[in-house]
Amino acid sequence: MRILFAGTPEFAVPSFTALCDSPHDVVALLSRPDMPRGRSRKPVWTETKKVASGYGVPVFQPHDLKTPEFEEALKALSPDLIAVVAYGKIFPSAVLDTPPFGCVNVHASLLPAYRGAAPINWAIARGEKKTGVTVMQMNEEMDTGDILAQREVLIGNEETAEELSKRLSLEGSALLLETVGHIAGNRISPVKQDSAVATYAPRISREDGRVQWKRSAKEIKDVARAMTPWPCAHTTLGGKNLKIFRTVTEEGRGKPGEIISVGGESLDVATGEGILRILSLQIEGGKKMAASEFMRGRKDLREGQFMGISGNSLYPD
């Protein structure tokens, strides 16, 4: 198979590497344009582009997929199949219709569950115990194409979105390689998705990480896992932003957002149901640290204070 690979971030790298190491011919990489980073605002290569240079694979980074120039370049490549993993842009019909075997996409959920941009984050935030990867045939809509293959993956109780993403990227690469082989051998039986039971995973925003202390400790813990590494679960303490990372939960009561213990290894805060024990955190202007270290350096920290206070309110948001 002559394959055009489309992918941009770290999640796409295992799939790209697997295809480059396979008997298939990866004719080019399609990646999003390099983005300015850091203080210098110098464009930095995408993660897949870094890998492409090592394999000698040509790289295309168009800003617009609908230009005559890109359409001509695509026809000249003459791919049998386009394999897509976290490319970051919807394909127009002219691209979808070019390869004779169409375009296949690796999606980090068990479709039709969690269609959309952030399936890993929302699966964890909503307390799911399992997720997986799906290889689907692409169409002009988002994540609605026929399912070609799926693989289920259990979610660890303490696993963050960053950790789960790494595991799913490896599972997805293996499933993609297997599926491409089945396509080449005409051993595929597509299955239509049932849109009536579909759920959605919209792109996350900073607001999605804001801790709502009236929710249960378990729900807040799941948000903290889901929003790592960005935007992180966050609240306020003493007028400063506070990021929350590792936590555990236990039974107990108190007013939502109330600090009930400032000793030991954790900073304990009451929620709408149960106690959230914060094990690692980062205060605005500081570095990420263990809660025990943070508490030793804060003489003003005391039981009865509230996190997440709006203005002069006595109660948290």
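1. Contact here means heavy atoms within 4.5 Å. With that in hand, take T179: leaving aside its neighbours within four places in sequence, T179 is in contact with V135, L148, A149 and I188. Keep in mind that this is a predicted model.

2. Where does T179 sit? Its place is in helix α6. T179 counts as buried because its relative accessibility is 1%, and the cut-off for buried is under 20%.

3. α6 runs over residues 161-184, which is 24 residues. From first C-alpha to last, α6 reaches 33 Å, close to the 34 Å expected at 1.5 Å a residue. After α6 comes N186, with a positive phi near 55 degrees.

4. In soluble globular proteins, nonpolar side chains tend to be buried together. In this model the largest nonpolar core has 66 residues, and those with the most contacts inside it are F5, F16, L176, L267, F294 and M307. The largest share of this core comes from α6, with seven residues. There is also a second, separate core of 17 residues, L65, L74, I82 and L96 among them.

5. F5 is worth a click. Not counting residues up to four places away in sequence, F5 touches A12, S15, F16, L19, V26, A28, L29, L30, T48, A83, V85 and L176. Two of those names, F16 and L176, come up again in the list of residues with the most contacts inside the largest core.

6. What lines the second largest pocket? The lining is made of E158, T160, E162, E163, K221, A224, R225, T228, F245, R246, T247 and K288. The elements giving two or more residues to it are α6 and α7 (217-226); the largest share, three residues, comes from α7. By class the lining has two nonpolar, three polar and seven charged residues. The space in this pocket comes to about 170 Å³.

7. How many cavities of 30 Å³ or more does a search of the whole structure find? It finds one. The largest cavity has a volume of about 30 Å³ and is lined by R210, V211, Q212, R215, I220 and V223. That lining divides into three nonpolar, one polar and two charged residues.

Technical notes: Residues numbered from 1 in each chain as written. Predicted model: local features only at pLDDT ≥ 70, side-chain atom pairs only at ≥ 80, totals over all residues. Heavy atoms only, no water. 1 Å grid on protein atoms, 1.4 Å probe; cavity = no way out; pocket = protein on both sides within 12 Å on 5 of 7 lines; lining within 4 Å. Points joined across faces, edges and corners; volume = space filled by probe spheres on them. Helix = DSSP H or I, 4+ residues; strand = E, 2+ residues; numbered from the N terminus. Nonpolar A, V, L, I, M, F, W, Y, C, P; charged D, E, K, R; others polar. Core = buried A, V, L, I, M, F, W, Y, C linked by side-chain atoms within 4.5 Å. Buried < 20%, exposed > 50% of the residue type's maximum accessible area, 1.4 Å probe, protein only. Expected span 1.5 Å × (residues − 1).
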